Amino acid sequence: MTPQQYVQQKAVASGSSFYYAFLFLPAPRRAAITAFYAFCREVDDVVDEVSDPGVARTKLAWWQAEVAKAYAGQPTHPVMLALMPLAADYGIEQRHLQAVIDGCQMDLEQTRYLDFAGLKSYCHLVAGIVGEVAARIFGQTDPRTTEYAHTLGLAFQLTNIIRDVGEDAMLGRIYLPVNELQQFDVKAHEILKRTYSDRFTALMRFQAERAHRLYDEALALLPDADRRAQKPGLMMANIYRTLLREIEHENFQVLHQRIRLTPLRKFWLAWKVQALGRMS
């Protein structure tokens, strides 16, 4: 299997909404975003799939060394072999990849966040930086687009957190800020035991309203000059925001299940932005 086949397989297997936005890109940009996305999946999978924290730390340390070697001209992993020939063309810097690894390390060391400011610092590493790199690959020309990308990345990550409350609880993780749990009188043990209540629903509605505000803020920040180039990000926004509305429609029944959109619906939502320039 070539490095290019490896990253393609990694992207397809993930079933991610991001994949549907990649489909509409020209081949060189699609190759770059697919390789970068595969890198993000590799390091994220270390945290999600390795049950021993010591082993996970060792694997992340290996990735830190691999990134440093790759930027010194000696990549060995298929993901880095696919990514490095494209990195300079699209402004993908070593600091970007190391920041994503740092975010994954936070998952090993921290299972609670006291307030939204703390959660936002984590989201900056695992989502804001990813948005920044994606915007460069898509064809950013205006420096103001970086702020749009970070804000949209935060909205995506908050949507993921809302969707995954139940799954994260099974791993002993709660990404909802502690002071907001207290504000709505939701106890951590209720989430860990996956117990629904009107208080939980109110807490989740509060989280969803913040995510919607961030989607609106991100879209307002996108400069007109980059609107066409950043269509893949707008496709992802359309898919993720539709997912958020679906979760709201299901009254935040996220503790016992993962609410999803079908692949066909994701493709349709992406196509609407590509062909009609329209968000749902």
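A crossing of two helices is called left-handed if the near helix is turned anticlockwise from the far one by less than a right angle. That term applies to H8 and H12 in this predicted model, whose crossing is left-handed.

The fold is built from helices: 14 of them, with zero strands. Reading along the sequence simply gives α-α-α-α-α-α-α-α-α-α-α-α-α-α. The radius of gyration comes out at 18 Å, close to the 19 Å given by the globule rule for 280 residues, so the chain is as compact as a globular protein of that length. Along the principal axes, the C-alpha atoms fill a box of roughly 55 × 50 × 30 Å. Buried residues account for 52% of the 280 in the chain. Of the contacts with a separation of 6 or more, 71% link residues 24 or more positions apart.

H8 covers residues 145-163 and H12 covers residues 198-221; their axes sit 8 Å apart and the packing angle is about 160 degrees. Angles over 145 degrees count as roughly antiparallel, and H8 and H12 are therefore roughly antiparallel to each other. On the H8 side, the contact is made by Glu-147, Tyr-148, Thr-151, Leu-152, Leu-154, Ala-155, Phe-156, Leu-158, Thr-159 and Ile-162. H12 brings in Met-204, Gln-207, Ala-208, Arg-210, Ala-211, Leu-214, Tyr-215, Glu-217, Ala-218 and Leu-221. Sorted by class, this contact has 14 nonpolar residues, along with three polar and three charged ones.

H12 also carries Ala-220. With a relative accessible area of 66%, Ala-220 is exposed, since the cut-off for that label is over 50%. Between the C-alpha atoms of Ala-220 and Gly-54 there are 43 Å of space, and the two residues are 166 apart along the chain.

The crossing of H13 and H14 is right-handed. From H13, the contact takes in Lys-231, Leu-234, Met-235, Asn-238, Ile-239, Thr-242 and Glu-246, while H14 supplies Arg-265, Lys-266, Leu-269, Ala-270, Val-273 and Gln-274. By class, the H13 contact with H14 comprises six nonpolar, three polar and four charged residues.

Two single residues round out the picture. Glu-42 belongs to helix H3, which spans residues 27-49. Although its side chain is of the charged class, Glu-42 is buried, at 11% relative accessible area, the cut-off being under 20%. Leaving aside residues up to four places away in sequence, Glu-42 touches Tyr-6, Lys-10, Trp-63, His-77 and Val-79.

The other residue, Leu-181, lies in helix H10 (residues 178-183). Leu-181 counts as buried too, with a relative accessibility of 7%. Once residues up to four places away in sequence are set aside, Leu-181 touches Ile-174, Leu-176, Val-186, Lys-187, Ala-188, Ile-191 and Leu-203.

Note on methods: Residues are numbered from 1 along each chain as its sequence is written. This is a predicted model: local features need pLDDT of at least 70, side-chain atom pairs count only at pLDDT 80 or more; totals for chains, interfaces and linings use all residues. Side-chain values use heavy atoms; hydrogens and water are left out. Axes are lines fitted to C-alpha atoms, for helices over the stretch in contact, and angles run from 0 to 180 degrees between N-to-C directions. Helices (H or I, at least four residues) and strands (E, at least two) are DSSP runs, numbered from the N terminus. Angles under 35 degrees count as roughly parallel, over 145 as roughly antiparallel, 65 to 115 as roughly perpendicular and the rest as oblique. Contact means heavy atoms within 4.5 Å. The radius of gyration is taken over C-alpha atoms; the globule rule is 2.2 Å times the number of residues to the power 0.38. Buried means under 20% relative accessible area, exposed over 50%, partly exposed in between (1.4 Å probe, protein chains only).
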